[in-house]
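The sequence and structure are shown here.

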Amino acid sequence: MRPANEIVTSEPVVESRLHKTFDVRKIRKDFPILNQKVDGKPLVYLDNAATSQKPQVVIDAMVKYYLEENSNIHRGVHYLSEKATQSYEAARDKIQKYINASQRQEIIFVRGTTEGVNLVASSYGRSNVKQGDEIIISAMEHHSNIVPWQILCEEKGAKLLIIPMNDAGELLLDEYEKLFNSRTKFIAVNHVSNALGTVNPIKQIITIAHQYGVPVLVDGAQAVPHMRVDVLDLDCDFYVFSGHKMFGPTGVGVLYGKKKFLDAMPPYHGGGDMIKYVTFEKTIYNDLPNKFEAGTPNIAGGVGLGATIDYLNKIDMTAVRAHEHELLEYATQALSSIKGLSIIGTAKEKASVISFVLEDVHPHDIGTILDDDGIAIRTGHHCAQPVMQRFGIPATARASFAMYNTKVEVDALVEGIYRVIEVLT
Amino acid sequence: MPALNELYQEIILDHNKSPRNFRKMPDATRKVEGYNPLCGDHYTVYVKLEDDIIKDISFEGAGCAISKASASVMSATVKGKTKAEAEELFESFHTLVTGKMDGMAEISTLGKLAAFSGVSEFPARVKCATLAWHTLKAALEAKEEVVTTE
């Protein structure tokens, strides 16, 4: 049975020499929500790929903003507006440094990854993609990196081509390269698959595209919580991610774009803040980044994301990767030993995400029964129905680990799955 | 926290493992697909309707234990009933699984359907329990399109 003591107390501080500075107990203390009981059982939160929890410092920063600085940005001449503008714009600077973008104008605040992809599909896509052109995405995209391109293709009479994957959930790069021709106009691929956990060889994918002179958008929503991303090193043309999956607030995300593309792109939304001068005859648009930030943005969210970056800057992400890799290995081994359980997504390079199916048991029933033990996982198609179709399954159960998860929680998951089997078969 | 054994009652586990009337019906007079886009549960309900009486009913497809058991119990319950009676049963069933039914007396009139009373404590699972019923309703109303729970 599951040990009755608190989860955090039984986890060793140092698990290997590789990451001896990484103390999961200390990290867990930063996230107050983790320290709660669900019907008397310790919460085991393994739904991080859906959204991550937020550290106290991020919550505090947002409370402080509303308590002391709340005002509209970029327009007031008064004290509070200055303060709010400073905090919001400081967050932009922090993000720029964190992902190593060359200029602050290349950081556009959006609502999240979905809006970032839609912005590029709509603005860049509409002005560059014509009838008969081709756009390449991969077989493991989230719906948010499929549907905006389908809408564009339908509107323009363009074609959507798919990079296939093997049974392990790895993209076939040889097949990818064969898709290129003179009609290829754009590539949109995720860095890490939310449904399979695969870490794609994104640098290689970008290099190949650039050999054909084709720009690349990377959906980084599932990458940023697990690794440090350097957009200059990747040489990606666009990189999008959400705050809420990287321990920041919901409703705010980032579109990074190379300035040469963003400068040439028409605005996405029209409204306040994105203009220099408006008459009924003509409007002069604002410079970057404001050109793409119409209307009052999610100011508190931006400030919260800035605090998130401050928090992450104090954490050794290499140690996080080592810790998560160890969790992944441990969980993969433990889950594989359960009779009738199959892991979907067995790529060599994986983030700490495990999708699985259980013989004769539907994922929804797994989810409900695990919830009874205080274990939160995701069940369903994970907004990646083509991935489910590729593997011939209607849905999976998915456990996704973050830096604050522990081996004791993996044990609880395994024990919970045995209970599922006991209840249902 | 609601009790798990209230949800997965014996009748439900039994009908999940050995669903009744789980087959195609080539000579059905009505056939409708039901689909839950949230979880991918997918069933086809076949009905042979003669003079407003459900002479035969069957289903096939895949989904969770709750949705499959519900389709199975439903098929066993409405066979031989009139269209109006079946629709009335759906009303009662819906009242039951959404937790709006008063008292055990009323619940006990539902027979095997009463096994689904625990669903009301799991709001996320109400759609699982009602998917087959929505599909049956569409079949009885002779709607040809695909039915979804959304």
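## The contact between chain A and chain B

In this predicted model, Asp365(A) pairs with Arg125(B) in a salt bridge whose closest N and O atoms are 2.8 Å apart, and the rule finds one salt bridge across the interface of chain A and chain B. Seven residue pairs in polar contact, both residues at pLDDT 80 or more, are also found across that interface. On the side of chain A that touches chain B, α12 (363–371) and α14 (407–424) each supply at least two residues, and α12(A) gives the most, with five residues. By class, that side of chain A has six nonpolar, six polar and five charged residues.

The contact takes 17 residues from chain A and 20 residues from chain B. The size of an interface is often given as the accessible area lost when the parts come together. For chain A and chain B the buried area is about 1,500 Å², with 57% of it given by carbon and sulfur atoms.

## The two domains of chain A

The domain assignment divides chain A into domain 1 (4–48 + 316–424) and domain 2 (59–313), and the C-alpha centres of these two domains of chain A lie 29 Å apart. In the contact between them, 32 residues of domain 1 of chain A meet 28 residues of domain 2 of chain A. Together the two domains of chain A bury about 2,500 Å², 59% of it on carbon and sulfur atoms. Of the area that domain 1 of chain A buries against domain 2 of chain A, Met317(A), Cys383(A) and Arg390(A) supply 23%, more than any other three residues.

Between domain 1 and domain 2 of chain A the count is 16 residue pairs in polar contact, both residues at pLDDT 80 or more. The side of domain 1 of chain A that touches domain 2 of chain A draws at least two residues from each of α11 (317–336), β14 (353–358) and α13 (385–391) of chain A. The largest share of that side, six residues, comes from α13(A). Its residues divide into 17 nonpolar, seven polar and eight charged.

## Salt bridges within chain A

Over all chains the structure holds 32 salt bridges, and two are found across the interface of domain 1 and domain 2 of chain A. Side chains of opposite charge can pair when their charged atoms come close. The side chains of Arg390(A) and Asp167(A) meet in a salt bridge with an N to O distance of 2.9 Å. Arg390(A) lies in helix α13 of chain A and Asp167(A) in the loop between β6 (159–163) and α6 (173–178) of chain A, so this pair ties together parts that are 223 residues apart in sequence. Arg390(A) counts as partly exposed at 32% relative accessibility, whereas Asp167(A), at 60%, counts as exposed.

A second pair is Asp235(A) with Lys258(A), whose closest N and O atoms are 2.9 Å apart. Because Asp235(A) lies in the loop between α8 (231–234) and β9 (238–242) of chain A and Lys258(A) in the loop between β10 (253–257) and α9 (259–264) of chain A, the pair ties together parts that are 23 residues apart in sequence. Asp235(A) is partly exposed at 34% relative accessibility, while Lys258(A) is buried at 16%. Elsewhere, salt bridges that share partners join Glu89(A), Arg92(A), Asp93(A), Arg104(A) and Glu293(A) into one network.

## Arg92(A) and its surroundings

Arg92(A) belongs to helix α3 (residues 79–98) of chain A and is buried, with a relative accessible area of 0%. The side chain of Arg92(A) makes a polar contact with the side chain of Glu293(A) at 2.8 Å. When residues up to four places away in sequence are not counted, Arg92(A) touches Arg104(A), Ile107(A), Ile108(A), Phe109(A), Pro289(A) and Glu293(A).

Pro289(A), one of the residues that Arg92(A) touches, is joined to Leu288(A) by a cis peptide bond with omega about 0 degrees. Pro289(A) is found in the loop between β12 (283–285) and α10 (299–313) of chain A.

## Positive phi values

Asp39(A), a residue other than glycine, has a positive phi near 50 degrees and is found in the loop between β1 (37–38) and β2 (41–42) of chain A. In chain B, Asn21(B) has a positive phi near 55 degrees and lies in the loop between α2 (10–17) and β1 (30–36) of chain B. Asp39(A) is partly exposed, with a relative accessible area of 46%, whereas Asn21(B) is buried, with a relative accessible area of 15%.

Note on methods: Residues are numbered from 1 along each chain as its sequence is written. Chains are lettered from A and ligands numbered from 1 in the order in which they are written. This is a predicted model: local features need pLDDT of at least 70, side-chain atom pairs count only at pLDDT 80 or more; totals for chains, interfaces and linings use all residues. Side-chain values use heavy atoms; hydrogens and water are left out. Contact means heavy atoms within 4.5 Å. Buried area is the accessible area (1.4 Å probe) that two parts lose on being put together, summed over both. A salt bridge is a side-chain nitrogen of Lys or Arg within 4 Å of a carboxyl oxygen of Asp or Glu. A polar contact is a pair of N or O atoms within 3.5 Å; within protein, one must be able to donate a hydrogen and the other to accept it, and residues adjacent in sequence count only if both atoms are side-chain atoms. Helices (H or I, at least four residues) and strands (E, at least two) are DSSP runs, numbered from the N terminus. Ala, Val, Leu, Ile, Met, Phe, Trp, Tyr, Cys and Pro count as nonpolar, Asp, Glu, Lys and Arg as charged, and the others, Gly among them, as polar. Domain bounds come from an automatic or database domain assignment. Buried means under 20% relative accessible area, exposed over 50%, partly exposed in between (1.4 Å probe, protein chains only).
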